[in-house]
Structures are given as C-alpha cells and as structure tokens.
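Dear colleague,

Please find below the structure I promised to pass on to you, together with its sequence. My findings follow directly after it.

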Amino acid sequence: MIRVLHLSDVHVDVPIWRMPLRELLGKRLLGAGNLLLRRRPLFADARAKLEKLARFAEREAVDLVVCTGDYTALGTVPELEAARAAIEPLARRPLGFVTVPGNHDLYVPDTLRDSRFERIFGDLLGSDWPEHSVDGGWPAVRLYDPDLAVVALNSARPNPQPWRSSGRIPDAQLRALGELLADPRLRGRTLLIATHYAPRLRDGKPDRWNHGLENADELLAVCARAPRAALLHGHIHWRYHIVPQSGLHQFGAGSATHAGREGIWLFEVEHNHLRAVPGGFEGGDYRLDPSAAVEF
Ligand SMILES: [Fe+2]
C-alpha cells in the first residue's frame, strides 16, 4: 500500500519589505495591499502549520506528498524560496514530492521570464517519462510500482489583469495526457492526476470564467478515458470531493493553512482500491476523519 498526502494552497507568508521593490507594481501592488489588509491574518501561521504537517506525515507514515500549487501570494522570489524551505521536510518523504505551480506562483509575467518556479522547485519537477512531456516539462509522470502513477499537469499562468485569476491547461498538454492514458505501461495502476485548478465546484457546476479552468470540459473528457483515476486540485480554499457527470473522482484539498478552513487528503492506494481520508486542523494539529473516508 502507498500512502499519499495531498495538500495545496499553503500561501507561505513573507513580509512585504522582503519583496523586491521593482516588482511591486501593477497587479502586485494591488495584491500587496490585499495581502496586508485581508490575507495576512489568514496565513500568518502557514510556516508553523507546515512544520506540524511534516510531523503529521511522519506519524501517518506518508510515503509520497502531492502539492497542487499556490505556495505564495505574489510569486516573488523571496516567497518562493521561503515556501520551498518550509516544505523541505515534506519533500523528504520516502517516495518524494510531486508538485505543480498555482496561479499565485506565476502571478504576473516576470515569474516566467526568469523561470523562478522551475529554478526554486526544479528538484521536485522531474518526470519518469520525459518523452511524454511537451510543454516545458508537462505533463510530468511518476510511477510508483506496482499500483500507482501520478500525472502532473500545469494549468496555471500569469493573469496580469487584477480581475482575473483563471487558468487553462495548454492543448498540447491535454493531447499528451490523452496519449499517456493509452500507454500500456499504465495498465492496472490507479492514476492520480494533479493540477492547480478545479474543473468543477463543490456543487458540480463550473467555476466563474474569471476564476476557473477555461477548458475544464476538455480536461474531464480526456480524463474519462482513464480506467481508474482521481483528479487532485487546489485553488478553491475548501476541501471537498465530488464525482462530476463524467465519472471522474475529483478531490479538492482546499488550503492546508487557511485559518479556520485547513484541509488535506490522505490517500491509501492498493491494487484496484483507493481509500481517501479527509483531514483538517483541530486543537492545534492536523487530524484525519476516517468516518468520512471515500473508497472506490
Ligand atoms: Fe489558486
């Protein structure tokens, strides 16, 4: 059995004065204002909580960690570096760590110009099948013998307009995912497909045009070809599980650190069987709720 911890949207907090002044323009300036006024109190304990989550992972004998992005608020280098350091104990679980960026990590176009996410999180981004990567290393595939494969898709992009935080999985990645799913080497494995954006909200409906995944229907259509798959995502700061009409189990981890709403999932993967146990933060520590487990 392989035990997989899914977390997301940790939004590690760094004081504004540590961010490069020349980058605090445009959308980041608005974002910095929002951070000071509204977000900071919600994520002030993010680092302390990640330390607790690492101890939880130790206690629960977690083999592998999957994080679906949004490590930062504004995608600056000091924030990415602080977040990478904060997850280091989780990155050292026996089977490692799989991740994708979130929209906050690629906040505005300067994040792409210097490839800062790849630079700072690069050691966690490799693929076992680079021949299937078409779009800057995506999709990335990791195989965990004999029963599990994780596929990471990048759905995040900079959104310079202040009113938009939507995402899209580039068509080339979706085509590559379709080809991957037909690869006979995946036969008999449970597939965890990880990306930042949610194709569907908790009520089964698509998210708003300016907040959701633009090509959610296309993603669900491709994923429906996988015999045993679950989609893992973040972006929406509530933990939930739904099975949309396409039949694909969708697990949103919410945010592991958002005060009062902390969420995680623990997946136990065995041959032809997946058990997903939701978790939260209560009484100062992370705890699982086995009575609400989902199995298929
Ligand atoms: Fe997000």
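I begin with the metal site of this predicted model. The four donor atoms around the iron ion subtend angles of 84 to 166°, so their arrangement is irregular. For comparison, the ideal angle for four tetrahedral donors is 109.5 degrees. The donors are Asp 70 (OD), Asn 103 (OD1), His 196 (NE2) and His 235 (ND1), which coordinate the iron ion at 2.1 to 2.3 Å. Along the sequence, these donor residues follow the spacing D-x32-N-x92-H-x38-H. Asn 103 belongs to the loop between β3 (97–99) and α5 (110–113), and His 196 to the loop between β6 (190–194) and α8 (216–223); the pair therefore ties together parts that are 93 residues apart in sequence. Asn 103 counts as buried because its relative accessibility is 5%. His 196 is likewise buried, with a relative accessible area of 0%.

With strand β8 (residues 240–242), β9 runs antiparallel, joined by three bridges; here His 241 stands opposite Phe 251. β8 and β9 form a hairpin with six residues between them, and Gly 247 in the turn has a positive phi of about 90°. Within β9, His 249 and Phe 251 point one way, Gln 250 and Gly 252 point the other way, and all are buried.

Leaving aside neighbours within four places in sequence, Leu 7 is in contact with residues including Leu 50, Leu 53, Val 65, Ala 253 and Ile 264.

As to the overall fold, the protein chain comprises eight helices and 13 strands. Its radius of gyration is 18 Å, close to the 19 Å that the globule rule gives for 296 residues, so the chain is as compact as a globular protein of that length. The C-alpha trace spans about 50 × 45 × 35 Å along its principal axes. Of the 296 residues, 61% count as buried. Among contacts with a separation of 6 or more, 72% are between residues 24 or more positions apart.

With kind regards

How values were computed:
Residues numbered from 1 in each chain as written. Predicted model: local features only at pLDDT ≥ 70, side-chain atom pairs only at ≥ 80, totals over all residues. Heavy atoms only, no water. Donors = N, O, S within 2.8 Å, 3.2 Å for Na, K, Ca; no water. Tetrahedral: all angles 85-135°; square planar, octahedral: opposite > 155°, others 65-115°. Helix = DSSP H or I, 4+ residues; strand = E, 2+ residues; numbered from the N terminus. Buried < 20%, exposed > 50% of the residue type's maximum accessible area, 1.4 Å probe, protein only. Pairing = 2+ DSSP bridges. Contact = heavy atoms within 4.5 Å. Rg over C-alpha atoms; globule rule 2.2 N^0.38 Å.
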